[in-house]
Amino acid sequence: MWIIYALLSAVFAALTTILAKIGVENVDSTLATAIRTAVVLVMAWGMVFLLGKQGGVSAIGAKSWVFLTLSGLATGGSWLFYYKALQMGEASRVAPIDKLSVVITMILAFVVLHETVTLKGVIGGILIAAGTLFMIL
């Protein structure tokens with residue numbers, strides 16, 4: 001089932017790029033990011049309440065709060081830079097560079113999370129990086 005969710009994530013990420021490129025055309029990229037963030041905030045909390053998960057907030061430990069907060073800050077930084085890049089560049093060139101996050105995530109997973117390095121993972125990462133370079137040149 002996770003594959004279906006991952007594919008849906010990819011479809012919505014692609015839609016995000018196209019819709020954002022159109023939406024940011026005559027809007028300051030920082031303001032556009034704030035508007036997007038407000039919509040995501042309302043949607044996320046709406047789902048929490050719709051599914052009745054709001055009671056779980058009190059069970060979240062300090063370590064999780066710290067890392068979820070840091071993740072939120074990283075997301076904010078990513079979105080701010082992404083919208084600025086979209087405003088200035090072509091979506092078909094910005095998106096592949098943004099997807100280098102896959103390669104960076106793999107490297108960080110090996111270094112920080114001590115995940116197993118496999119030949120398949122290394123080759124896949126190299127191919128993603130090469131494909132990105134090919135797309136933007």
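Colleague: Which helices each supply at least two residues of the lining of the largest pocket?
Modeller: Helix H1 (2-23), H2 and helix H3 (62-88) do; helices are DSSP runs of H or I, at least four residues, numbered from the N terminus. This is a predicted model, in which local features need pLDDT of at least 70 and side-chain atom pairs pLDDT 80 or more, while totals for chains, interfaces and linings use all residues. Residues are numbered from 1 along each chain, and side-chain values use heavy atoms, without hydrogens or water.

Colleague: Where does the largest share of that lining come from?
Modeller: H2 provides it, with eight residues. The lining has 18 residues, and Thr16, Arg36, Val39, Val40 and Met43 are the closest to the pocket centre. (A pocket is an open set of 1 Å grid points where a 1.4 Å probe fits, with protein on both sides within 12 Å along at least five of seven lines; lining residues have an atom within 4 Å of a point.)

Colleague: What does the charged end of arginine 36 sit over?
Modeller: The ring of tryptophan 79, with 4.0 Å to the ring centre. The criterion is Lys NZ or Arg CZ within 6 Å of the centre and within 35 degrees of the ring normal.

Colleague: And the second largest pocket: which residues lie nearest its centre?
Modeller: Trp79 is one of them, together with Ser9, Ala13, Asp98 and Lys99, in a lining of 13 residues. H1 gives the most, five residues. H1, H3 and helix H5 (101-111) each supply at least two.
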